[in-house]
Amino acid sequence: IAQPALTKTLTSSCFEQKVSGSVTVNSSRIDLVYNGEELLVGLYFNRASIPPNAYIAQAYIQFTSSIANDLKDVTVRLWTEKSTQSIPFSNSSFSLSSRSLSTTYVDWSIKDWINENTATIAQQSIDLSPIIQEAVSQTYWSSRSPLVFIISRSPFDKTLNYRQAKSSSLETVLKVIYTGGDPDPSDSPTPSFSPTPSQTPTRTPTSSQSSSQS
């Protein structure tokens, strides 16, 4: 019997790293991937709730445009972090670029965002299932593992074009459709053991005999 596909919707926190290594935490907007200089963008989704070795049928990030932008296309590259226990980003220098990246990546060519404050198919990323599949197939992945994306300009993009999206957690949403998956040990209840009450030994009374001499 085929299992029905399950959909997970997750909200993110976002971070940007400049060429100098300085990191902006929870910026008011997401600059994809330029703002006066090239940027590295990180999106942190806490507790993915996807079981180990699930089959990822489809996945994408839905952005919301911050400003209208009719510049030419910009192509960005997305990875997941190669970790099952990703720690949250911090404002420490190079806290994005110091992370190990997935072997697999995807390139997304972003078309015009002609309207501001919109979340349509134009602001929807390319299918991310290949890089998420690699993440959930890692040894020791669990449904409690965070899912982290690192975004940079694709090396095939020689422009300085960019897009700006809203950074609110409710306006940057990851949607994942998956089936199957292995049992997750982290969700198994910890067995509890009730100690067997110890029995207090009972004493058999002994009768003492007293001898009296007459």
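In which loop is V33 found? V33 lies in the loop between strand 4 and strand 5, where strands (E, at least two residues) and helices (H or I, at least four residues) are DSSP runs numbered from the N terminus. A cis peptide bond, with omega of about -10 degrees, links L32 to V33. The model is predicted, so that local features need pLDDT of at least 70 and side-chain atom pairs count only at pLDDT 80 or more, while totals for chains, interfaces and linings use all residues. Residues are numbered from 1 along each chain as its sequence is written, and side-chain values use heavy atoms, with hydrogens and water left out.

An open sheet of 6 strands shows antiparallel pairing in the order 3-2-5-9-7-8; two strands are taken to pair if DSSP finds at least two bridges between them. Strand 3 (23–25) and strand 8 stand at the edges with a single partner strand each, so one side of each has no neighbour in the sheet. On average, neighbouring strands are turned by 25 degrees against each other, direction ignored. Within the sheet, strand 5 and strand 9 pair in the antiparallel sense over 5 bridges, and V41 stands opposite I151 in strand 9.

Helix 1 lies across strand 7, strand 8 and strand 9, and runs at about 15 degrees to strand 7. For such angles, axes are lines fitted to C-alpha atoms, for helices over the stretch in contact, and values run from 0 to 180 degrees between N-to-C directions.

The largest nonpolar core holds 34 residues, of which L43, F63, L128, I132 and F149 touch the most other members. Such a core is a set of buried Ala, Val, Leu, Ile, Met, Phe, Trp, Tyr and Cys residues joined through side-chain atoms within 4.5 Å; buried means under 20% relative accessible area, exposed over 50%, and partly exposed in between (1.4 Å probe, protein chains only). Among the elements that give two or more residues to this core are strand 5 (39–45), strand 9 (147–153) and helix 1 (129–136). Helix 1 provides the largest share, 4 residues. Beyond its neighbours within four places in sequence, I132 is in contact (heavy atoms within 4.5 Å) with I56, A59, T80, L147, F149, L174 and V176. Another core, of 9 residues, lies apart from it and includes V23, L40, Y44 and L96.

Two residues other than glycine have positive phi values. N53, in the loop between strand 5 and strand 6, has phi near 60 degrees and is partly exposed, with a relative accessible area of 40%. F94, in the loop between strand 7 and strand 8, has a positive phi of about 60 degrees and counts as partly exposed at 40% relative accessibility.
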